[in-house]
Structures are given as C-alpha cells and as structure tokens.
Amino acid sequence: MAKVYITRPIADEALALVRGAAQISLWPNPDVPPPRDVILAEVRSADGLLCLLTDAIDAEIIAAGENLRAISNMAVGYDNIDVPAATARNILVCNTPGVLTETTADLAWSLIAAAARRIPEADRYLRAGRWKSWSPQLMLGQDICGSTLGIIGLGRIGQAVARRAKGFNMRILYADLAPKPDAEEALGVRFAELHELLRESDIVSIHTPLTDRTHHLIGARELALMKPSAVLVNTARGTVVDGKALADALREGRIFAAGLDVFESEPPALDDPLLQLDNCVVLPHIGSASVDTRTRMATMAADGLLAALEGRRPPYLVNPEAFSL
Ligand code: DGY
C-alpha cells in the first residue's frame with residue numbers, strides 16, 4: 001500500500017478517501033503547521049504528500065522524498081512548491097482550481113465593502129461606546145456603486161469578482177499579461193496597462209498568482225498613482241504588495257483604505273504597521289473558508305493525489321510534462 005503524509009487534519013470525507021487507498025501519516029495539529037524537519041523526515045518514506053500553502057515544499061524536501069511520486073496542494077496557488085524540482089524527478093504536482101473561485105470572489109467583495117464603507121471601524125466605534133448621535137459627518141466612506149473597479153489578474157477569481165461588480169453598475173478595467181477578448185466580450189471589461197488601471201480605479205482588487213513577476217507588483221511607485229479616495233483589496237498572495245509601502249500610504253492618507261486577506265508573512269506580527277491602522281481591514285487568509293468549499297478542496301486534493309499514485313492522470317496537474325503513461 002502506498003504511504004501518504006498529510007500535513008494537517010482535513011475534512012473527514014477526504015481523509016476517508018485517502019485512507020481507503022493508502023497508509024496515512026497525519027500531522028495532528030489543525031492550527032500549527034508541521035515544522036520543516038518533520039516534513040523532511042516524513043517525506044523520506046512517503047509515496048505521496050498532501051500539503052497546504054503553509055508548507056514550503058522546496059528542492060531539499062523534494063530530494064529527500066526518494067519514493068515520492070505525487071504532491072497534492074490543497075490550494076489553487078502553488079507558489080509554496082518548487083515545481084521545477086518536482087518535475088525534474090517526474091513527481092506530479094496537483095492543485096485545486098475552480099472549486100474555490102466563487103467563495104473567494106465573495107470574500108473579495110466582503111473586503112471591498114468593509115474597507116470602502118469602514119465597517120469594522122464603525123463596529124469598533126459603536127462597541128466602544130463612542131456613538132453619540134446620527135451625525136452628518138460620521139464614518140463617511142466611499143461609494144462602490146457606479147465607481148470604477150480595477151482587477152489585477154483576470155483569471156477565474158478575477159472574472160468572478162467582475163461578474164459581481166455588474167450588480168453595482170461599475171465600470172471595470174483589468175490588467176493582465178495580455179488582453180482577454182473573450183472575457184471582455186462576456187463581462188464588458190476593458191484591458192488597461194497596470195499604471196492606467198491604478199490611476200483610474202476607485203477600487204483595485206488583486207487576483208494574480210505569486211510569481212517572480214508579481215512579487216511586490218504594487219509598491220510605493222504604484223501606490224502613488226492611486227487616487228487618495230481609492231481602496232486596495234488583496235485576496236491573492238501577500239507578497240504581491242509591498243506591505244511597508246502600503247502601510248505608509250494608508251497612514252499618510254495617500255489612499256483611502258485597504259482590505260487584506262493575505263500578508264507578506266502569515267500570520268503577520270502583532271506589531272505589523274498594517275495592523276495598527278484603522279483604515280486597513282485585516283483577515284486571516286480565509287478567502288476560500290466556507291464549509292462546502294474547504295470540503296471540496298480537500299476532496300479534490302485527495303482525488304488528485306490518489307489518481308497520481310495509481311498511475312492515472314490527475315484532472316488538475318500543475319506540471320503535465322511530468323506525466324507519462
Ligand atoms: C489558494 O487556494 O491558493 C488560497 O489562497 C487558499 O484557498
């Protein structure tokens with residue numbers, strides 16, 4: 001029987017699937033990832049690895065997995081895995097695209113509303129007993145309806161965010177590696193260079209994967225292009241934005257607010273400047289965190305892993321070049 005290491009407790013359905021076909025070793029703590037040396041030791045005897053975006057599966061770990069044939073990441077993003085190192089050893093790498101699209105788009109929209117309309121700040125204000133009366137200037141935010149939305153990365157999630165924006169009667173710009181005429185036609189969105197998008201948008205929402213190209217894509221220079229009334233939302237990967245530059249821009253009122261589900265380092269330190277700012281709404285990377293979606297992600301990761309271990313082509317393969325019949 002194949003041996004599988006799973007780096008965190010996942011939905012029972014998914015665990016049962018893997019258990020039915022493989023011998024499992026499971027890191028038991030739901031809230032703390034296994035230390036690197038534990039993964040390194042476990043991978044030495046594993047045929048398959050089911051891991052999370054919090055596990056850095058680098059070249060050394062991959063090299064240690066002498067029998068390793070498959071790595072299945074319970075996430076759509078796979079920037080935590082050294083895919084070329086896996087491909088060089090014909091190890092299949094799987095991910096979980098599609099199933100989390102709508103749930104993540106819902107959360108991006110929650111952050112847009114929360115940051116633009118100052119919802120967490122207003123909630124804190126009321127609970128602290130500071131609300132004296134309805135007041136003409138109290139907690140003024142920015143309008144969403146009728147404004148311009150700039151989507152950075154018009155992939156599956158970016159498109160789902162655009163679909164929701166239509167209900168808010170928004171003009172929608174997008175930046176991507178190249179124009180996407182089909183999406184333009186279907187969604188009524190317009191391609192823009194990144195700098196044009198930043199200059200013209202009232203709300204900017206980031207949906208690009210983390211790559212060498214997108215690391216610190218939004219830094220001081222880009223933030224300086226945005227409107228003082230603009231809102232920046234990031235539900236993709238923290239490192240796409242330079243956190244220090246963002247904190248400076250928010251503190252100095254150079255942009256209006258930000259909504260962040262992701263950070264350069266997760267969890268961020270409690271003294272991270274972004275956590276000290278009232279105009280920054282922060283969440284603990286819960287974009288895909290609905291009961292149904294997390295169950296589907298776990299099941300899909302398990303299915304992909306088992307397919308790879310059984311010699312079948314997994315439906316979602318990050319490195320198809322590593323697959324041979
Ligand atoms: C992913 O899947 O990459 C998200 O960040 C977590 O759902």
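# Strands, salt bridges and a ligand

Visitor: How many bridges join β10 to strand β11?

Guide: Four bridges join β10 to β11, which covers residues 257–260, and the two strands run parallel. Bear in mind that this is a predicted model.

Visitor: Which residue in β11 is the bridge partner of Asn234?

Guide: The partner of Asn234 is Leu260.

Visitor: How many bridges join β9 to β10?

Guide: Four bridges join strand β9, residues 203–206, to β10, and this pair also runs parallel. Within it, Ile203 has Val231 of β10 as its bridge partner.

Visitor: Which way do the residues of β10 point?

Guide: Strand β10 spans residues 231–234. Val231 and Val233 point one way, and Leu232 and Asn234 point the other way.

Visitor: Buried or exposed, those four?

Guide: All of them are buried.

Visitor: What is the order of the strands in the sheet?

Guide: The order is β8-β7-β6-β9-β10-β11-β12. That makes seven strands in an open sheet with parallel pairing.

Visitor: Which strands stand at the edges, and why is one side of each without a neighbour?

Guide: The edge strands are β8 (190–191) and β12 (280–282). Each has a single partner strand, so one of its sides is left without a neighbour in the sheet.

Visitor: What holds paired strands together, in general?

Guide: Strands of a sheet pair through backbone hydrogen bonds, in a parallel or an antiparallel way.

Visitor: How many bridges join β7 to β8?

Guide: Two bridges join them, and the strands run parallel. Leu173 stands opposite Arg190 in β8.

Visitor: New topic. How many salt bridges are in the whole structure?

Guide: A search of the whole structure finds 20. One of the pairs is Arg171 with Glu200, where the closest N and O atoms are 2.5 Å apart. This pair links distant parts of the chain, since Arg171 is in strand β7 (residues 171–175) and Glu200 is in helix α9 (residues 194–200), 29 residues apart.

Visitor: What are the relative accessible areas of Arg171 and Glu200?

Guide: Arg171 has 38% and is partly exposed. Glu200 has 27% and is partly exposed.

Visitor: What about Glu121, buried or exposed?

Guide: Glu121 has a relative accessible area of 14%, and buried means under 20%, so Glu121 counts as buried. Its salt-bridge partner is Arg118, with the closest N and O atoms 2.9 Å apart. Arg118 is partly exposed at 22%.

Visitor: And which residue does Arg254 meet in a salt bridge?

Guide: Arg254 meets Glu252, at 2.9 Å from N to O. Arg254 is partly exposed, with 33% relative accessibility, whereas Glu252 is exposed at 52%.

Visitor: Which residues are linked in a network of salt bridges?

Guide: Glu102, Asp106, Arg163 and Arg164 are linked that way.

Visitor: Now the ligand. Which residues surround it?

Guide: The ligand is surrounded by Leu53, Ala75, Val76, Gly77, Leu100, Arg237, His285, Ser288 and Met297. By class, this shell has five nonpolar residues, three polar and one charged.

Visitor: How far is the side chain of Arg237 from an oxygen atom of the ligand?

Guide: An N or O atom in the Arg237 side chain is 2.7 Å from a ligand oxygen. With Val76, a backbone N or O atom lies 2.7 Å from an oxygen of the ligand. For Gly77, a polar backbone atom is 2.9 Å from a ligand oxygen.

Visitor: How much of the ligand's area does the protein bury?

Guide: Taken alone, the ligand exposes 230 Å², and the protein buries 90% of that.

Methods
Residues are numbered from 1 along each chain as its sequence is written. This is a predicted model: local features need pLDDT of at least 70, side-chain atom pairs count only at pLDDT 80 or more; totals for chains, interfaces and linings use all residues. Side-chain values use heavy atoms; hydrogens and water are left out. A residue is near a molecule or strand if one of its heavy atoms lies within 4 Å of it. A polar contact is a pair of N or O atoms within 3.5 Å; within protein, one must be able to donate a hydrogen and the other to accept it, and residues adjacent in sequence count only if both atoms are side-chain atoms. Accessible areas come from the Shrake-Rupley method with a 1.4 Å probe; for residues, only the protein chains shown count as cover. Ala, Val, Leu, Ile, Met, Phe, Trp, Tyr, Cys and Pro count as nonpolar, Asp, Glu, Lys and Arg as charged, and the others, Gly among them, as polar. A salt bridge is a side-chain nitrogen of Lys or Arg within 4 Å of a carboxyl oxygen of Asp or Glu. Buried means under 20% relative accessible area, exposed over 50%, partly exposed in between (1.4 Å probe, protein chains only). Two strands pair if DSSP finds at least two bridges between them.
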